[in-house]
Amino acid sequence: ENILSNLNELEWLLGDLDNAQDFRKMGGVVPIIRLLNMTHLPYIQAKAAWVLGTASKYILASQNEATELGAMSLLLDMIDSSSCSEDDNDIQKQGKALYALGALLRHNPSTQIVFRGLQGSSTLARAMQRCIQQDTTTRGTLKVLRKVTSLIGDLLRGGSREDKNLHGVDVNDWTHLFVNALMS
């Protein structure tokens with residue numbers, strides 16, 4: 001409970017960009033990434049991902065440091081190991097991991113290269129497919145689909161018009177997944 005309370009307070013403080021930059025300079029990213037690795041405590045992982053996302057959005061140095069320390073791989077594992085279900089811990093963990101992943105990727109070509117190397121688009125596609133295969137009217141499924149769709153949309157908008165694929169996955173494949181989600 002103490003860790004959760006501290007993470008909630010920390011996330012609130014990191015909403016200020018100056019605090020977030022100071023947090024990184026003081027080495028705060030390292031312990032947060034360690035908490036992402038606490039697979040036996042999914043609610044701690046979810047809060048740590050939330051803190052990481054808030055601490056790194058809009059700050060290239062924080063995005064790069066977190067990625068270099070292995071955060072992206074851990075976040076992709078959190079997304080891939082979760083399922084679209086009504087389990088609140090699973091929904092929280094996957095949702096916060098998607099938030100943090102977006103914070104690391106947006107407007108940062110170097111972290112997007114790492115994402116590509118980790119086959120991140122395939123992980124997002126698998127998460128979407130799992131959601132589509134389940135009942136898409138459930139709260140958890142809709143929440144995950146919305147977050148994945150938002151992240152993919154941001155990545156597609158950030159690419160050039162000539163780019164016909166998103167990190168190795170054809171745009172038409174994404175479109176097919178979106179249509180399936182809407183028609184289900």
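The structure is a predicted model, in which local features need pLDDT of at least 70, side-chain atom pairs count only at pLDDT 80 or more, and totals for chains, interfaces and linings use all residues. Residues are numbered from 1 along each chain as its sequence is written, and side-chain values use heavy atoms, with hydrogens and water left out.

## Overall layout

The chain contains 11 helices and two strands. Both kinds of element are DSSP runs numbered from the N terminus: helices are H or I runs of at least four residues, and strands are E runs of at least two. In sequence order the pattern is α-α-α-α-α-α-α-α-α-α-β-β-α.

A contact means heavy atoms within 4.5 Å. Of the contacts in the chain with a separation of 6 or more, 70% are between residues 24 or more positions apart. The chain exposes about 9500 Å², and carbon and sulfur atoms supply 52% of that area. Accessible areas come from the Shrake-Rupley method with a 1.4 Å probe; for residues, only the protein chains shown count as cover.

## The nonpolar core

A nonpolar core is a set of buried Ala, Val, Leu, Ile, Met, Phe, Trp, Tyr and Cys residues joined through side-chain atoms within 4.5 Å. The largest one has 45 residues, and those with the most contacts inside it are I32, L36, L52, L75, L101, F115 and L124. Two or more residues come from each of α1 (2-13), α2, α3 (29-36), α4 (42-56), α6, α7, α9 and α10. Helix α6 gives the most, with seven residues.

Not counting residues up to four places away in sequence, L52 touches V29, I32, L36, A66, A71 and L75.

## Salt bridges

The structure holds four salt bridges. A salt bridge is a side-chain nitrogen of Lys or Arg within 4 Å of a carboxyl oxygen of Asp or Glu. The table gives details for some of them.

| Pair | N to O distance |
|---|---|
| R126 and D80 | 2.8 Å |
| R130 and D80 | 3.5 Å |
| D154 and R106 | 2.3 Å |

R126 is partly exposed, with a relative accessible area of 35%, and D80 is partly exposed at 28%.

R130 and D80 also meet in a salt bridge. This pair again links helix α9 to helix α6, here across 50 residues. R130 counts as partly exposed at 22% relative accessibility.

The side chains of D154 and R106 form another salt bridge. D154 is in helix α10 (residues 139-158), while R106 is in the loop between α7 (88-105) and α8 (109-117); the two are 48 residues apart. D154 is partly exposed at 23%, and R106 is partly exposed at 28%.

T123 is placed in helix α9. At 4% relative accessibility, T123 counts as buried. Leaving out residues up to four places away in sequence, T123 touches L76, I79 and D80. The C-alpha atoms of T123 and I79 are 7.4 Å apart, although 44 residues separate them along the chain. The side chain of T123 also makes a polar contact with the side chain of R126, at 3.2 Å. A polar contact is a pair of N or O atoms within 3.5 Å; within protein, one must be able to donate a hydrogen and the other to accept it, and residues adjacent in sequence count only if both atoms are side-chain atoms.

E65 is in helix α5 (residues 60-68). At 18% relative accessibility, E65 counts as buried. Apart from neighbours within four places in sequence, E65 is in contact with R24 and V29.

## The ends of helix α2

At the start of helix α2 (residues 17-25), a side-chain oxygen of D16 reaches to within 3.0 Å of the backbone nitrogen of D18. G27 follows α2 and has a positive phi, near 85 degrees.

Conventions:
Buried < 20%, exposed > 50% of the residue type's maximum accessible area, 1.4 Å probe, protein only.
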